[in-house]
Amino acid sequence: MSEEFPTPQLIDDLDAHPSHDNTRVFKDLLAGTAGGIAQVLVGQPFDTTKVRLQTSTTPTNATFVIKNLLKNEGPLGFYKGTLTPLIGVGACVSLQFGVNEAMKRFFHSVNAKNNNNNSVNNNGLLTLPQYYMCGLTGGVVNSFLASPIEHVRIRLQTQTGSSKNAEFKGPLDCIKKLKLQRVLMRGLTSTLLREGHGCGTYFLVYEALVAHEINKGCSRTEIPAWKLCMFGALSGTALWMMVYPIDVIKSVMQTDNLLSPKAGNSIKEVAKYIYKNHGWKGFLKGFGPTMVRAAPANGATFATFELTMRLLG
């Protein structure tokens, strides 16, 4: 890596967070939970609009979906199924960031050992590909939690009947019925692909932006909150640009008929179904609301995470 763009420093640099700090993992998870809650509160209305667009069987647009939702379900309709992601996304982001931080410490120790053996230097800092691997690992691990949580959320977001006539009476009822049909984990493979590559990109972009600030002589803890928001916004935007088509496939899978899926049971089958019925534009349904959501939701996520880490020490 060139001298003009040095390797990024760790959020848990050993001088700031000693390796013997037994509470480090707990702090990572707590800060991740705070970031996840912030993400849901800011992003849920955008996400509901996105899911309605992705799973619509007739041509529509964001304006129509929003007007229709407000008319038939009121403003609270945007927060349908919020309880599940509020708890679930908090847990998912907590796991995502927690694994990412653990992997960063792993690479930190490996690099420090290798550098000592080679008599190069002993800073042990990560390379950008290593940051990608940290994020990818966090995403893959998180997929096993995110897939069922998102399945429940999407089922609740897309049902339009009144509470009396609704198929699912709430998150617990939805989980029970999905488990009974043995489809709770439907969409796991597409979630693995989305989360793995998406999170790798997510954390790579963020750390590269932080490195640029460090290169200008600013320590990580001195980066102002507005810049953390901006970096998170750009990272979230990059994530969704890289993985959006696979997210559409996942949404179609998780809203299809429980017993006899119309679109198919595999990523290949669902992709063919979408292309046959909607053309290549079908893979971009809901892209606008997702991009609008990506900036504020992920800006809030990273800023809340970093500021919570500073508060916890």
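Buried means under 20% relative accessible area, exposed over 50%, and partly exposed in between, with a 1.4 Å probe and protein chains only. With that I looked up Lys 216, which counts as exposed because its relative accessibility is 54%.

**Ground rules.** I am working on a predicted model, where local features need pLDDT of at least 70, side-chain atom pairs count only at pLDDT 80 or more, and totals for chains, interfaces and linings use all residues. Residues are numbered from 1 along each chain as its sequence is written, and side-chain values use heavy atoms, with hydrogens and water left out.

**Overall fold.** Along the sequence I read α-α-α-α-α-α-α-α-α. The chain has 313 residues, and 51% of them are buried.

**Salt bridges.** I noted 12 salt bridges in the structure; each is a side-chain nitrogen of Lys or Arg within 4 Å of a carboxyl oxygen of Asp or Glu. Side chains of opposite charge can pair when their charged atoms come close.

Back to Lys 216: which side chain does the Lys 216 side chain meet in a salt bridge? My note says Glu 213, at 3.2 Å, N to O. Glu 213 counts as buried because its relative accessibility is 6%.

Next I checked Arg 220. Its side chain meets that of Glu 207 in a salt bridge at 2.9 Å, N to O. Arg 220 sits in the loop between α6 (188-215) and α7, Glu 207 in helix α6, 13 residues apart. Both Arg 220 and Glu 207 came up as buried.

Arg 220 also forms a salt bridge with Glu 306, with the closest N and O atoms 3.1 Å apart. This pair links distant parts of the chain, since I find Glu 306 in helix α9 (residues 287-312), 86 residues from Arg 220. Glu 306 is buried, as is Arg 220. I then followed the shared partners: Glu 101, Lys 104, Glu 207, Arg 220 and Glu 306 are joined into one network.

**Largest pocket.** I put its volume at about 740 Å³. A pocket here, on a 1 Å grid over the protein atoms alone, is an open set of points where a 1.4 Å probe fits, with protein on both sides within 12 Å along at least five of seven lines; lining residues have an atom within 4 Å of a point. The volume is the space filled by probe spheres set on the points, which are joined across faces, edges and corners.

I listed 29 lining residues, with Arg 52, Thr 55, Ser 56, Thr 57 and Thr 255 nearest the centre. Which helix gives the most to the lining? It is α2, with 6 residues. At least two residues each come from α1, α2 (62-73), α4 (128-158), α7 (225-255) and α8 (267-278).

**Helix α1.** I looked at two residues here. Ile 37 lies in α1 (residues 24-54) and is partly exposed, at 34% relative accessible area. Thr 48 is also in α1, but it is buried, with a relative accessible area of 0%. I found the C-alpha atoms of Thr 48 and Tyr 79 separated by 7.3 Å, with the two residues 31 apart along the chain.

Note on methods: Helix = DSSP H or I, 4+ residues; strand = E, 2+ residues; numbered from the N terminus.
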